[in-house]
Amino acid sequence: MSNLHTLELTVNGQPRVAGNVRPHTTLLNWLRDQGLTGCKEGCAEGECGACAVLMARADEHGGTRLESVNACLVLMGSVAGQEVVTAEGLGHPGTLHPVQHELAVRGGSQCGYCTPGFVVSMAAEYYRPERSQTEQVTGDAHHGPNGFDLHALSGNLCRCTGYRPIQDAAYALGMPPESDSAGTDPLAQRRTQTPPMPRPTHLSTPDGDFYRPGTLAEALDLLAAHPDAKVLAGGTDWGVEVNLRHARAGVTIAVDGLPELRTLTATDRFIELGAGLNLSEIERRLGNQIPLLREWFPHFASRLIRNNATLGGNLGTASPIGDSPPVLLALDAGVVLVGPQGEREVPLADYFTGYRQTVRLPGELIRAVRIPLPLAPLTGFYKIAKRRFDDISSVAVGIALELEGDTVQRLRIGLGGVAATPIRGLKAEAALTGQVWNKENVRLAAKILGTEGTPLDDHRASSAYRAAMLEQTLLKFYFEQTTQRQEELA
Amino acid sequence: MSLFERPPLGAVGDPVPHESADLHVTGHALYTDDLGVRLHNLLHAWPLQAPHAHARLLKLDTSPVLSVPGVVRVLTAADVPGVNDAGVKHDEPLLFGENGPNEVMFYGQAVCWVLADSTEAARLGAEAIRAEYEVLPALLTIAEAIAEDSFQGSQPTLRRGDVALGFGEAAHVFEGEFEFGGQEHFYLETNAALAYTDESGQMFIQSSTQHPTETQEIVAHVLGLTSSQVTVQCLRMGGGFGGKEMQPHGFAAIAALGATLTGRPVRVRLNRTQDLTMTGKRHPFHARWKVGFDESGRLHALQATLSSDGGWSLDLSEPVLARALCHIDNAYYLPHVEVLGRICKTNKTSQTAFRGFGGPQGMLVIEDILGRCAPLLGLEAADLRQRNFYAPGEATPYGQPVRHAERLQLVWQTLLQQSDFAARQAEIQAFNAAHPHTKRGLAITPVKFGISFNFTAYNQAGALVHIYKDGSVLINHGGTEMGQGLHTKMIQVAATALGVPLRCVRLAPTRTDKVPNTSATAASSGADLNGGAIKNACDQIKERLAAVAAGSLGVHPDDVRFENGRVYPLGHPDQGLDFAQLVHDAYHLRTQLWAAGYYRTPGLHWDRVAMQGEPFKYFSYGASVSEVEVDGFTGAYRLLRADLLHDVGDSLSPLIDIGQVEGGFVQGAGWLTLEELRWDTTQGPHRGRLATQSASTYKLPSFSEMPEIFNVALLEQATEDGVVYGSKAVGEPPLMLAISVREALRQAAAAFGPSGRPQLLASPATPEAVFWALEEARQERAEVVAADD
């Protein structure tokens, strides 16, 4: 274990000892105090990406991935033994890294304040092993000819350029040197070596304690000893609470590194997703096994957030506007809870009990989410928001439908943003189940769906618009499915 | 030497990257708040923000604060040795106290500040303060202010002809109302200042400010010092957009006051929420209008009342309003005009300068009128706009001849062709006929924007150019760098004027002890004014050098050429000498190798009471075509394609100028479609609180809002012979190119309904706003169908 006030980490290839670390010190503030001021605070809530840094992480093959995260949301206790790379560590004036060079010469920086963050997000995509010319997605407005996925930049805001030169820079990038070439690019080399592993940590300070236990059993013991402890996974929600609302916890227990929470398994009855896996990992490892999730991932915040955020965290905070419940409700998912007495599985539809309240008992952790098989063949996800990507939904709707002939065999509608908890559209489901899937019946059910929940008026949307969107999304789903079937018939 | 003519060879016009690009991309570019880590004993400041929109401070007990570990002191009104005011109108008290000032004017207003060894300690200190308030009634909307007759500042009227006569003669008269929202600057770098007493005993302030001179003046009056005792430096800003023209002064004054009282360096850096809740934004406006057209659709008369929401203090609301009135004509000749402007006083942040400075608001009103009225006149909106363009020889309602009016038609026709407008219009009609749930819209709109500060005195600038004995050049000017590329352009101007390569010129940060009495870097004027001053300084030195060279080369000084680091007799490039050698020789002949440059824009005059004169040196022109696709189920949309053509004169720096045009367009599209400021207007306990006070609730355009096809071009052969090297200003005008996005959304929403109806659209045109607009269109179609049955 790291000792009680200090921890070790590697920054830009150099080992560092971070002394006098407090449990709520963010990686961003620590880096800036070290003079690495290229890392900027623009919003302190993971929206702007000006603080992006690379983290070295394990891939699935024993090697190392370089992933971009928001340093403003990472607490220092989480980075013991880890490796961090900032924009300063990629290149210097005179010896620019390829992403730095492309951004500089194409007018990709104006005021320059967001630029180090863009550099880091672009570098993560530059080094992404799956990126290649062959992976290129044709007909996709968000991929370049070099396989560059523009969603890698969805968590970075620029107020000056309008993004075109940044896109040009991204699409002009070549590939990193092959691993066998002679050390021209240390980060490319780094990918072939073993990754840093989560390191058990205990920080003890007058401001509170931070634990990273090594095993699930230790975590449950700690939780039993500190029932009020803050359970921390990716920190993309708690970091915002710490920074914007100045929340402080006496005891923080980080669980995202626990091996028991990091499994992804499939049986013939279900697919189980570990609660501590970050969403990018799940997205990558699932591929197209669950089409609804594949459609949904790009709408969950940004790549910077998905590289840390977990399903466990999203369900643990139990926000009524969390992004995962609508799709997980549509998929009939179950939540696997583990406590001192062992495991139990709760249907997600029974999991939420009130505003940010759940059936999870003190002392319990979310270990996994189970998606039952077989999957409904027809699915849709609709996130209603002001901005197309990286926005909080005013309403979110997940739909899963199974038809037998033209008759609705089974329908699940998950709704977010229309009540104190995520809910199912039970009345509309009932109205259509056993009925013919046609325009008239869908219209009637859509009217019913529009009356579900008690949507609010707020700065995101009016209650009238929210209600209208419930109705409209079911109509849109019907129209899309019908068009798709017609196209298939044609 | 001619101001606008370019030598055959020179760095102006080259597409060079930003002068700090390598520093930006490596994280080595320093901003104000990056400097604090270099200082010992730094104190951090945190404000106590009032939790009421309007209230009287009854009690301010700061005694518990000092028991919070790490807290050093509190700053209240009693601590101010000079004038306790953060503005230039003396209506912005900087610090509160029980003995006054004590009237809280907006939710989140800073009452006092705590200084501590860490930000955390300062925050905890502020939490420990015991403040009591008497809540007073608050006005939050323009409608509430109008109902209560709550106005501030002057109420000018722009007038030409006789509107009553005009309406009498008009074939068609329409009336309407339009209210639209403001915009948060959301510079990525929040307001920041760092102050300390330097080794010579003067107050030295690093500030993220567009207006170092005014920051200096306000710090001086707060501290009771002269301007000569205060120096302000601005290295660079992480974005400004007008938001750092007036707003930084008070924060700099807090840092300077704290540094004076404690003897320690003090850092003020707002977090995003503080910046959003404490600083001013673009003015929202309400317009009530009546418009008359002749038979052919020519505008004949316009009568309007524009009411801006100025917030709690005047700030720049008067000049913003003046520019709005001066741009309600946009590109169109209005024979009879009467437009009254007034500024509402509300209990919100004090709205301020924002890229366009009222111009966008004035132009949006006339473009909304034309977009709404075109179907009523039976005309395509594009035709209606074009037939109303100014013709050469015509003058604006404020009496200024429209210089280069013919460029409007040139830009318009060129863009119609380049964007393939007519063919795409036909394609869209076919698309819309075939798609019941998805509609596309296409629109073209023009921009005409007046360049110069309306307030004539601001149109002056200074520069300082040094040539050292080794031939290296150091330049300094009064403008600030906020990402717009001003410093890059200034280096290009100096290199061109002196005939040296770019690498020979270094630019030093903007400081008030180098160039005094500067104007704000604002009104798009930075390159025009400071470029004129730098060129003037370089020309002075070059004249002296030419005299020296003439002697050694044996030619008349007029026939000495300076080019790319060489100096040679006209026609004999092979017979010259190096610039550095000439400088060396000149020094030994006792030649002054530095100069102060100065520029004042000639020919300007303005009567702000009569609203008449020639306030602008020239106009910038542009046009844009936008195509959108709207989802009828949700109102969500995509910007499929944008084509922009803009007049920057002969560009000083094309990579920079293209960046300004594109960035302005996307920022304008943000204002008109996405960015929505929402205040709590209920009568609840948080009345007046800004509901959108973070990046998660106030959404900026991200990469997905960029047009999927984005064609941007600069007008060619566009020399402006009144400006340095034939260029034109570029900072603000392109923002208004984004009006075509809104008009395209209007077209798409209208396509869900029957033709010939005026399509209303709220602003910002969020997906929700577009949904309600197209719902209305759909309802009317249903009614038409029902009536036909």
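Me: Which residue in E20(A) does A:Gly414 stand opposite?
Reply: This is a predicted model. Strand E19 of chain A covers residues 407-416 and pairs with E20(A) in the antiparallel sense over two bridges. Across this pairing, the residue that stands opposite A:Gly414 is A:Arg424.

Me: Which are the edge strands of the open sheet in chain A?
Reply: The sheet has four strands in the order E17-E18-E19-E20, with antiparallel pairing. An edge strand pairs on one side only. In chain A, this applies to strand E17 (378-384) and strand E20 (423-424).

Me: In chain B, which residue of E11(B) is the bridge partner of B:Tyr196?
Reply: Strand E10 of chain B, residues 192-197, is joined to E11(B) by five bridges, and the two run antiparallel. They form a hairpin with five residues between them, and B:Gly201 in the turn has a positive phi of about 90°. The partner of B:Tyr196 in E11(B) is B:Phe204.

Me: Which residue of E12(B) is the bridge partner of B:Met203?
Reply: E11(B) is also joined to strand E12 of chain B (residues 230-234), here by four bridges and in the parallel sense. In E12(B), the residue bridged to B:Met203 is B:Val230.

Me: Are the residues that point either way from E11(B) buried or exposed?
Reply: B:Met203, B:Ile205 and B:Ser207 point one way from E11(B), whereas B:Phe204 and B:Gln206 point the other way. Strand E11 of chain B, residues 203-207, is mostly covered, with five of its five residues counted in that state. On both sides of E11(B), then, the residues are buried.

Me: What radius of gyration does chain B have?
Reply: Chain B has 18 helices and 30 strands. The globule rule gives 28 Å for 789 residues, and the value for chain B is close to that, so the chain is as compact as a globular protein of that length. Its C-alpha trace spans about 95 × 80 × 50 Å along the principal axes. The radius of gyration of chain B is 28 Å.

Me: Among contacts in chain B between residues at least 6 apart in sequence, what percentage join residues at least 24 apart?
Reply: Buried residues make up 62% of the 789 residues in chain B. As for the contacts in question, the share joining residues at least 24 apart in sequence is 80%.

Me: Which helix gives the most to the side of chain A that touches chain B?
Reply: The contact takes 66 residues from chain A and 60 residues from chain B. Several helices of chain A each supply at least two residues to this side, including helix H4 (115-126) and helix H17 (463-489). By class, the side of chain A has 31 nonpolar, 22 polar and 13 charged residues. With seven residues, the helix that gives the most is H17(A).

Me: What is the mean pLDDT of chain B?
Reply: The model scores ipTM 0.97 and pTM 0.97. In chain B, 100% of the residues reach a pLDDT of 70 or more, and the mean is 97.

Terms used: Residues are numbered from 1 along each chain as its sequence is written. Chains are lettered from A and ligands numbered from 1 in the order in which they are written. This is a predicted model: local features need pLDDT of at least 70, side-chain atom pairs count only at pLDDT 80 or more; totals for chains, interfaces and linings use all residues. The radius of gyration is taken over C-alpha atoms; the globule rule is 2.2 Å times the number of residues to the power 0.38. A residue is buried if 20 or more other C-beta atoms lie within 10 Å of its own, exposed if 12 or fewer, and partly exposed in between; C-beta atoms are placed from the backbone. Two residues are in contact if their C-beta atoms, placed from the backbone, lie within 7 Å. Two strands pair if DSSP finds at least two bridges between them. Ala, Val, Leu, Ile, Met, Phe, Trp, Tyr, Cys and Pro count as nonpolar, Asp, Glu, Lys and Arg as charged, and the others, Gly among them, as polar. pLDDT is the predictor's confidence in each residue, from 0 to 100.
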